[in-house]
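Open the model in your viewer and keep the sequence panel beside it. The tour below goes from one selection to the next and says what is found at each stop.

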Amino acid sequence: DSPRGGKDNAVRALPQGGADEAFDFDALDALDDSLAAAPALGSRAVPPHGSAQPLAAPAGFVSMMSQSKRLRIALLVNGSRGDVQPMVVLGRALQQRKYEVLLLVNANHEEFCQANCVRSMAVFADMHWVIENIGGMGTNFIDGTRKGKAAAEQWFRDNPSSCMSAQDALEDFQPDLIICQATTSGPSLHHEMHFGVPAIPVYLHRTCFEYFQAHLEIQPDRPRLFAVSKVVDSEELPDCKDFYQTGDFLYEERINPMDFAKGGSLAHVKEFLGSGEPPIYIGWGSMIAQGLPQEDMLQLALKAVRSTGKRAVILGGWARLDVLGHKLAEEKGGTSEEDRKLAEFARTKVCFAPVIPHAWLLPQCCAAVHHGGVGTTQAVLRAGLPSVITPIFADQFDNSRCLEALGAGVGLKDPLPMISWQQLASAISRCLSSKAMRAEARKASFKLQGESGVHVATRIIDNFMKEEVATGKWKASFTELRGEPMGRQVSEGSCAPKAHESM
């Protein structure tokens, strides 16, 4: 039974597939051949298996696979939108290859998963609530993790029936393979130990190599995936067998044409972009900076952009800067002349929106300011934009250094709360005036356009499933090393980690 109640039958309702039928790996080979032969979408030529477009099953593929047993893959992710997004991309690609996929996520990410047609279940706390509750993220990774864990415990106490436990969800789903991130290695390796199901880690940044070393060394061997492009991170990789740097898992946002129609959610953005010169993109995504109130984040952005004489598009993100921006513009500033001028600038030269598809927006901008999350960094480079990184947490400082070394922008060393609007304005001006930075950004864009990390990853997973899992070789190695899996012999009062105890 689920300790949180209310969702204990949700996974059991999933289709089970034919128990006596074999998974058709030959059909996967046919899919790869079809993808290799298909012309790339758009005008840019890309090499075979290098298309940046989402994987789509060719004609006849579904009928080839429909009668086969659907091997099950569970993906676990506990984090921000930047953590969840690449796993959604991978989940969609695996579904298109006819695996049965279940994505176990935070409570606030279920809607995003469902919108992208990936079956999901909430097993982790609302991460937006967690980050707000701890006052934002700081520079100390361990401290942030500790505070986040405590806040997640509080969320579960306040919402006792909102989630199933990760362990119960895994036991009900009975996956043949688990794919996890560093922050979900706890429940993933717990299930591996008790049921002999391999857990493959996907790393999104180098910080995890240091703090989650055990998953790099655990036996039996299994693939370890580093989903970051070598354009961004070309440093030496851990000395570990079966470690692959796949490239990023590109998320191609779907755009509803009705959003641009009169009264649509993006109609005002389209009108703004068409009414003047390309603006500066500013967005801090899922980040809220510890020690920097959201109002001050907005003031920082507005003052810096105003001093450059440029226009801007500011995305709200989890800091809700769009709400604050609209409020400032409507109130026409405070009592001082400076406040009134800033409000006038916000009203006439800035477009605010909660979210806008990067692939559509970024090519229409002249530069970008962002937190340096690896997904955003790669999206900005893919668009060929020079950018300024204002790091807040974890890998963002590494990505800031990488951007600086690449020469495609300005990577600031200080965390966002320590950056003045004058420093930010100077960094933006450097991006706008440097022909060299623009050239390097375009070079990086060309390289990224030729990558498809998710295709590389699915090929690796296919091979592992075919050669090690489906044949029973991996399970035999597991049994030889650790003995027979303990299965359900674990007592209810054991020290096994709860669903939210993922560290």
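Two strands pair here if DSSP finds at least two bridges between them. Strands (E, at least two residues) and helices (H or I, at least four residues) are DSSP runs, numbered from the N terminus. This is a predicted model, in which local features need pLDDT of at least 70, side-chain atom pairs count only at pLDDT 80 or more, and totals for chains, interfaces and linings use all residues. Residues are numbered from 1 along each chain as its sequence is written, and side-chain values use heavy atoms, with hydrogens and water left out.

**Stop 1: the sheet of 7 strands**

Select β1 to β7. These 7 strands form an open sheet with parallel pairing, in the order β3-β2-β1-β4-β5-β6-β7. β3 and β7 (243-245) are the edge strands, and each of them pairs on one side only. From one strand to the next, the twist averages 20°; axes are lines fitted to C-alpha atoms, for helices over the stretch in contact, and angles run from 0 to 180 degrees between N-to-C directions.

β2 (residues 100-106) pairs with β3 in the parallel sense over 4 bridges, and L103 stands opposite S120 in β3. How many residues of β3 are buried? In β3 (residues 120-124), 5 of the 5 residues are buried, so the strand is largely enclosed by the rest of the structure. Buried means under 20% relative accessible area, exposed over 50%, and partly exposed in between, with a 1.4 Å probe and protein chains only.

Move on to β1 (residues 72-76), which pairs with β2 in the parallel sense over 5 bridges. The bridge partner of R72 in β2 is E100.

Helix α7 (residues 166-173) lies across β1, β2, β3 and β4, and runs at about 175° to β2. Helix α20 (residues 453-469) packs on the sheet and touches β1, β4, β5, β6 and β7, its direction making about 150° with that of β4. Contact means heavy atoms within 4.5 Å.

**Stop 2: strand β5**

Select residues 199-203, which make up β5; 5 of its 5 residues are buried. In a regular strand the side chains alternate between the two faces of the sheet. Show the side chains: A199, P201 and Y203 point one way, while I200 and V202 point the other way, and all are buried. β4 (residues 177-180) runs parallel to β5 and is joined to it by 3 bridges. I179 has I200 in β5 as its bridge partner.

**Stop 3: F226**

Select F226, in strand β6 (residues 224-226). Its relative accessible area is 0%, so F226 counts as buried. Among the residues that F226 touches, not counting those up to four places away in sequence, are Y203, F209, L237 and F243.

**Stop 4: a cavity**

A search of the whole structure finds 2 cavities of 30 Å³ or more. On a 1 Å grid over the protein atoms alone, a cavity is a set of points where a 1.4 Å probe fits but cannot get out, and lining residues have an atom within 4 Å of a point. Grid points are joined across faces, edges and corners, and a volume is the space filled by probe spheres set on the points.

The second largest cavity has a volume of about 70 Å³. To find it, select its lining: L204, H205, R206, F226, V228, V232, D233, V374, D395, D398 and N399. The lining divides into 5 nonpolar, 2 polar and 4 charged residues.

**Stop 5: the sheet of 6 strands**

Select β8 to β13. They form an open sheet of 6 strands with parallel pairing, in the order β10-β9-β8-β11-β12-β13. β10 (350-353) and β13 stand at the edges with a single partner strand each, so one side of each is left without a neighbour in the sheet. Neighbouring strands are turned by 15° against each other on average, direction ignored.

β8 (residues 280-283) and β9 (residues 312-315) run parallel and are joined by 3 bridges. Y281 has V313 in β9 as its bridge partner. Helix α13 (residues 321-331) lies across β9 and β10, at about 135° to β10.

**Stop 6: helix α17**

α17 packs on this sheet, touching β12 and β13, and its direction makes about 140° with that of β13. Which residues of α17 are buried? In α17 (residues 396-406) they are Q396, F397, N399, S400, C402 and L403. They pack against α16 (374-382), β12 (387-389) and β13 (409-411).

How values were computed:
1 Å grid on protein atoms, 1.4 Å probe; cavity = no way out; pocket = protein on both sides within 12 Å on 5 of 7 lines; lining within 4 Å. Nonpolar A, V, L, I, M, F, W, Y, C, P; charged D, E, K, R; others polar.
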